[in-house]
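Please read the following note alongside the sequence and the model.

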Amino acid sequence: MESLIARVESCRVLLQLIERYTPEELNEITQSIVDHIPVNFTYEEALKYQNDYYKALVDYKKEFREEKNIWDKFLDILAGGTHQSPSERVMLDRWIDGEKGDL
């Protein structure tokens, strides 16, 4: 039953991606995911990676929909208009979690 639920959830995520993004954007997202998949990983690690990346992607999309306050606009100017990609967010979160584990 858990396997069926996991597959249904995967299909739901896939349908949401198809609804939200153009084919070109989906190709770019897919390539980015493929480029950052670790060489040796278990199925559980792959699921965790998928969930982490999806959360980062949702946060990334949400960031562009929100109205920015003056402080956010100022920080955008300082950053030169660049934004952290979803894969960079996942990598940074993992690094921070690793640092917390070392304390």
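1. Aspartate 52 is partly exposed, with a relative accessible area of 23%. In this note, buried means under 20% relative accessible area, exposed means over 50%, and partly exposed lies in between (1.4 Å probe, protein chains only). The side chain of aspartate 52 meets that of lysine 48 in a salt bridge, at 2.9 Å from N to O. A salt bridge here is a side-chain nitrogen of Lys or Arg within 4 Å of a carboxyl oxygen of Asp or Glu. Lysine 48 is also partly exposed, at 46% relative accessibility.

2. The model is predicted: local features need pLDDT of at least 70, side-chain atom pairs count only at pLDDT 80 or more, and totals for chains, interfaces and linings use all residues. Residues are numbered from 1 along each chain as its sequence is written, and side-chain values use heavy atoms, with hydrogens and water left out.

3. The structure holds two salt bridges. Besides the pair described above, glutamate 9 forms one with arginine 12, with the closest N and O atoms 2.3 Å apart. Glutamate 9 and arginine 12 are three residues apart in helix α1, so about one helical turn separates them. Glutamate 9 has a relative accessible area of 37% and is partly exposed; arginine 12, at 38%, is partly exposed as well.

4. The protein has five helices and zero strands. Helices (H or I, at least four residues) and strands (E, at least two) are DSSP runs, numbered from the N terminus. Of the 103 residues in the protein, 14% are buried.

5. Ile70, Trp71, Phe74, Leu75 and Leu78 form a nonpolar patch on the surface, with about 570 Å² of accessible area together. Such a patch joins nonpolar side chains (Val, Leu, Ile, Met, Phe, Trp, Tyr) within 5 Å, from residues with over 30% relative accessible area and no salt bridge. Accessible areas come from the Shrake-Rupley method with a 1.4 Å probe. Phenylalanine 74 belongs to helix α4 (residues 70-78) and counts as partly exposed, because its relative accessibility is 41%.

How values were computed:
Patches are made of residues with over 30% relative accessible area and no salt bridge: like charges are joined within 9 Å, nonpolar side chains (Val, Leu, Ile, Met, Phe, Trp, Tyr) within 5 Å.
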